[in-house]
Amino acid sequence: TGKILLDCNYDSIEPIIGINNSLITVKNGKKGLVSVTGSIIIENEYEQITALTNEYEDGYIIKSSEGKYGVIGTNKKIILPIEYEEIKNVYSENVYIVKENGRWKIINTKNNTSENLEYDDIKSIDNTYMIVENAGKYGIASTNGEEEIPPQYESLKNIYQNYYIAKKDNLYGVIDTDNTIKIDFKYKSLAYIKDANIIEGD
């Protein structure tokens with residue numbers, strides 16, 4: 001006879017996208033989370049559960065029945081209280097992006113600090129920098145809230161370290177976080193090939 005890993009006392013069990021070793025459970029209309037070995041990670045108390053990143057150790061975004069969001073860790077510890085209007089799926093070294101009173105805010109749980117962000121959206125965090133958006137233009141800010149490059153590019157993508165592929169006037173180039181042009185804006189497309197550590201242009 002096989003070993004029972006998970007009692008079937010749930011209405012449904014489904015995988016969580018991007019995470020291999022966790023399963024979302026539904027019981028009486030409420031969602032919870034268990035490990036593949038059957039250990040309860042999050043009790044069945046929430047409306048929605050999503051992975052913060054594709055690394056389960058980074059924790060999970062949870063949504064309460066009141067429509068508020070928080071973050072809970074795999075050790076069942078509440079990392080961010082369930083009081084925010086939205087939490088972005090971007091994260092780096094104890095840094096979280098949340099929306100409170102209609103405004104984006106950056107929270108550092110290690111330093112116990114928070115800063116309001118005057119941007120329409122925050123697209124990603126790479127190392128200690130964020131790609132930010134205002135009125136359809138993209139720029140770079142540090143994770144302590146300081147603006148490094150005002151939103152001015154049509155697109156931005158971090159490729160490695162502090163280097164970014166940027167789009168300006170429908171042409172692509174490469175800049176750094178000081179807004180120094182490293183590759184001129186003269187290409188119809190640019191792609192970073194990670195395995196070869198080269199940038200290919202057309």
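User: Which Tyr residues form one aromatic cluster?
Analyst: Keep in mind that this is a predicted model, where local features need pLDDT of at least 70, side-chain atom pairs count only at pLDDT 80 or more, and totals for chains, interfaces and linings use all residues. Residues are numbered from 1 along each chain as its sequence is written, and side-chain values use heavy atoms, with hydrogens and water left out. Rings of Phe, Tyr and Trp (its six-membered ring) pair if their centres lie within 6.5 Å. The cluster is made of Tyr160, Tyr163 and Tyr192.

User: How many aromatic pairs does the structure hold?
Analyst: Tyr153 and Phe185 are one of these pairs, with ring centres 5.9 Å apart. Counted over the structure, the number of aromatic pairs is four.

User: Why do the rings of Tyr153 and Phe185 count as a stacked pair, and what is the angle of their planes?
Analyst: Look at the planes: under 30 degrees apart counts as stacked, over 60 as edge-to-face and the rest as tilted. Tyr153 and Phe185 are stacked because their planes meet at 10 degrees.

User: Where in the chain do the two partners sit, and how many residues apart are they?
Analyst: Strands here are DSSP runs (E, at least two residues), numbered from the N terminus. Tyr153 belongs to strand 16 (residues 147-153), while Phe185 belongs to strand 20 (residues 181-187). So the stacked pair links distant parts of the chain, and the separation is 32 residues.

User: Which residue lies over the face of Phe185?
Analyst: A charge counts as over a ring if NZ of Lys or CZ of Arg is within 6 Å of the ring centre and within 35 degrees of the ring normal. Here the distance from the ring centre is 4.7 Å, and the residue is Lys168.

User: How many salt bridges turn up in the whole structure?
Analyst: For each one, a side-chain nitrogen of Lys or Arg has to be within 4 Å of a carboxyl oxygen of Asp or Glu. Among them are Lys30 with Glu47 and Lys105 with Glu100. The search of the whole structure gives seven.

User: Which parts does the bridge between Lys30 and Glu47 tie together, and how many residues apart are they?
Analyst: The closest N and O atoms of Lys30 and Glu47 are 2.6 Å apart. Lys30 lies in strand 3 (residues 30-35) and Glu47 in the loop between strand 4 (40-46) and strand 5 (48-51). Lys30 is partly exposed at 24%, as is Glu47 at 35%. In sequence, the tied parts are apart by 17 residues.

User: Which residues are linked with Lys123 in a network of salt bridges?
Analyst: Start with Lys123 and Glu133, whose closest N and O atoms are 3.6 Å apart. That pair joins strand 13 (residues 121-126) to strand 14 (residues 129-134), with the partners 10 residues apart. Lys123 is partly exposed at 40%, whereas Glu133 counts as buried at 14%. In the network, Lys123 is linked with Lys88, Asp121 and Glu133.

Note on methods:
Helices (H or I, at least four residues) and strands (E, at least two) are DSSP runs, numbered from the N terminus. Buried means under 20% relative accessible area, exposed over 50%, partly exposed in between (1.4 Å probe, protein chains only).
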